[in-house]
Structure formats: structure tokens, C-alpha cells
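Here are my notes for your read-through. Keep the sequence and the model open side by side as you go.

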Amino acid sequence: DRSPSRGLGDVYKRQIYTFFVFSILLSSCVQDVDDVFDEPSSVRVEKALAEYQTLLKSAEYGWAMEYYPSSTQAYGGYLFTMKFKDGDQVTVSTDAFEEAEKEVTSLYSLKKDIGPTLNFDTYNELFHHFSDPDIIDGGGKGKGYEGDYEFIFRSHTDNEIILRGKKTNNVIKMTRLTEPPMTLLDKTVKLSKETFTTTYTASIGGKTFVVPMEDHVFLFSYETEGKKTESVSGPYIFTATGIKFYEPIEVMGKTLENFTWDSATKTFTCTDQGATDVKLTANELPEGYMKYKDFLGSWDFVYAGGRIPVILEEESQTSFLMVGFNPNYKLLVNYDKSVGGIRIMSQKVGNAGSNEVWLCAWDANTGSLFKNTALGVASKPRVDTEDIIIDLESYGVWADHEVNSLIVWEMKGNEYVGEFKQWGTSRYAGPLSMIKK
């Protein structure tokens, strides 16, 4: 009997049979998956946390962390050493501030998040410098260097732990130390001091060009065969013998990552296969260059007809506070690392009722002044004296005027009300200079 109804019934039977077989196979597959994870995820994470805790504490000398703040690695990398101890304490040292001997102890924890995490829970003045939003360096107050203090464990061996920053997503490597932290940090701090300058000359493929260096970042900018300008950033961290980039970069067809330093020639030489001819040679610092710390301390601020004892105090790595210039206010003094100099710019210094009080750029020769924060005076060192003396010369011009002096003025919005004399000296006519005590 081959009636249509009979054929349709056979089709249904075959479909039911097929569904039955598929269900059995599917249940077998599900069972196989369940067999792989025969413990709840929470239990697996707890076991992983215990394993990582044991691993962290097992290192006799601790761990070296290659730390990069900012999701773009814009400020380069810094080496931190960490000794994990009982009581959830960790002792931290770093080469970031050229003080290898300094140690700070704080608390840490391992937690469950989207996986096991390593967290630095209490403020550590060394480690949290790069994640503190109140630091005015980096991206400015409210951002700071935008670094991590919470990390996700990604993988590990007995001698290496790979983390990923929760905020930046940066890959952070920790390596087991085989010697006291100070031994490694002494080497990297020495290299940091010895290799410091503002530009290097790159020699790649028979061509040379200048490479600016700032904040542990090399900026390679060069012209290609097609006359197109290429720019490649190379954020780096110091090693015991040189530097290495956050990740391999390609410059003029060469893949670069690791370099060793030669003190005699002041040269970094690439050690990567196919790029051992690549060299970066340090250029001399500008004449009279002064590091940030060279400006700290007591000075005499000298102007025509007067001398004021002042102190430059640390505000950040890019600015100072000048104390003593006037008892009613402190001046913000900017530091320019690229030239090793300072600038005193037009700035608000206080209030007079509903009006503002400004220290303004002033051309004393013409009597013209300007409340513009892009104008001021910049330091130029005297190189022919035994004393440390800097002249403060014009930084910026407006119309036919130059900044040769400073003056205190009362402002109502953009209206120039008049010279403000209530706080004492209001005119600082040039020539201006500062003498280190």
C-alpha cells in the first residue's frame, strides 16, 4: 500500500527516530562538556587564587614587575620589585624615581572578579603614583598617569606571571627575582641616569635621523622611500643591561624590541635577529641643562632695584611652587624637561573682592602688559660663572612687545582695572635673574 497517508506516516517516523538519535548524541556531548568542568566555576577560581597566593609568596627575593601606565603606554614603562609576605603585605621598590633603596610596604589582596585578580588595596606612595588621579603630571589632575592597581591573572609558570591591567588592558609581566631587588634596581637606576638626554641619533639601514626621547618613550619619525613621513612610538623599560620595548615595533623594515647599552660609546645596540645593525646614540644635552632636582631649594629672585629670597618647592615633575615671592601668594613655576629650564608665566595669584589679581607679562620699555597664560619669562643659564645663575628672558611676544618684566594687576574679567599695590611690591622690572644659594 503506497497511499499518500502511509508515506507521510513513514516520514513522521523517520523524523521522530532522527530526533531521538540526535537527542542521545546531544546529551552525550553535554555530558562530555560537564566532565571537563566537574567543579563549579567558583570552586575553580578559589583554587586558582590559592595557587597564585602560594606562587607569589614562594619567591625568596620577590618579583620584578614590568609596569606600563596608560592604555597607550604614553609614559613608557617602569620596573617595580615586589616581595609578598604573610599578613597580605607587599614591600615595593622601583626605579621610577631613581631611588633604588627606597621601600614602601602596603597591603594587597587576591579576589574573584571575571577571574582571579591581584589588587593593591592600600595607598603605596611608590606604586600608586601612576594611578593617583590627584597627580597633576601625565594627563593632569583628575587623570594623572591613568595607571592600573588592579590586575587580572592571565597565565603563569614557576618563574613568570602574566597579568593584564583592568583599566588599561596593558599586558604586565612579573618575573621571579634570583637576587635581592636592590641588585637589579641599582643597575636600572644607573642606566636611567647614564642614558638620560633629550635626543638620540638613530642609525638604521645606512640612514641616520634624530629621535626625541622623553618619559621612557622613543619617537621614531622618518621619511619613507615614497617621501611619506612615518611616526612610530617605542615605549620602553630598563633591563639590567639596556632597554626593551613594550612590544616589538617596526622601523624602516626592521623589527626592534631589545637593546644593550655601551657606556663607552653612549649607544644602544639592537640585539634582535635581523636588526643588530640598528644603533641609537645619545646626543649631548643642551649647554647648561638643569634637571628638575637642580632647581629645588633656595634662590634669590633679582630684578631692577630689588632682590627677594625665594624657595622652589616640588609641586610635580613638571612644576614648582615659588615660596617667598610675596607673602600673599605662591607662584607656579613650570619645568620644561626638553630644554632643562623653567618658565614663570602670566597667572592668577589671588582675589580682590569680586575681582582677580594677576601677575602679568609686562614690557616695561613700552608700558604694555598682557594677561595671557602663554606669555612669561623663561630661564637661560649663564655658563661662564662659578655660581648657578639663570637669566629670565622673554617667552612669547604680542604685537611689537616682548616680556622683559612682570607686574601685578587687578582684573575684572578681561577688563584691566589697574595696578594692584595692596600686597606690596607690584613691579618687577627687568633685567630678571635668579641666583642659587
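1. Start with Ser-109. Leaving out residues up to four places away in sequence, Ser-109 touches Thr-117, Leu-118, Asn-119 and Asp-121; contact means heavy atoms within 4.5 Å. Ser-109 sits in strand S5, residues 109-112. Strands (E, at least two residues) and helices (H or I, at least four) are DSSP runs, numbered from the N terminus. The side chains of Ser-109 and Asp-121 make a polar contact of 2.5 Å. A polar contact is a pair of N or O atoms within 3.5 Å; within protein, one must be able to donate a hydrogen and the other to accept it, and residues adjacent in sequence count only if both atoms are side-chain atoms. Ser-109 counts as buried because its relative accessibility is 13%. Buried means under 20% relative accessible area, exposed over 50%, and partly exposed in between (1.4 Å probe, protein chains only).

2. A word on the source. This is a predicted model, where local features need pLDDT of at least 70, side-chain atom pairs count only at pLDDT 80 or more, and totals for chains, interfaces and linings use all residues. Residues are numbered from 1 along each chain as its sequence is written, and side-chain values use heavy atoms, with hydrogens and water left out.

3. Now Ser-368, in strand S25 (residues 368-370). Ser-368 is buried, since its relative accessibility is 18%. Neighbours within four places in sequence aside, Ser-368 is in contact with Ala-361, Trp-362, Asp-363, Trp-398 and His-401.

4. Which residues of helix H3 are buried? They are Leu-184, Leu-185, Thr-188, Val-189, Leu-191 and Ser-192. These cover an arc of only 160 degrees around the axis, so they lie on the same side of H3. The arc is that of the directions from the helix axis to the C-beta atoms. An α-helix has 3.6 residues a turn, so residues three or four places apart point the same way.

5. Look at Ile-342 in strand S22 (residues 341-345). Ile-342 counts as buried because its relative accessibility is 1%. Beyond its neighbours within four places in sequence, its contacts include Phe-295, Leu-312, Phe-320, Val-377 and Met-434.

6. Find the largest pocket, with a volume of about 1400 Å³. Of its 44 lining residues, the closest to the centre are Ala-96, Phe-97, Tyr-145, Tyr-292 and Gln-317. On a 1 Å grid over the protein atoms alone, a pocket is an open set of points where a 1.4 Å probe fits, with protein on both sides within 12 Å along at least five of seven lines; lining residues have an atom within 4 Å of a point.

7. Asp-215 has a phi near 55 degrees, positive although not a glycine. Ala-399 has a positive phi of about 50 degrees, and it is exposed, with a relative accessible area of 70%. Most residues other than glycine have a negative phi, and most peptide bonds are trans. A cis peptide bond joins Gly-430 and Pro-431, with omega about 10 degrees.

How values were computed:
Grid points are joined across faces, edges and corners, and a volume is the space filled by probe spheres set on the points.
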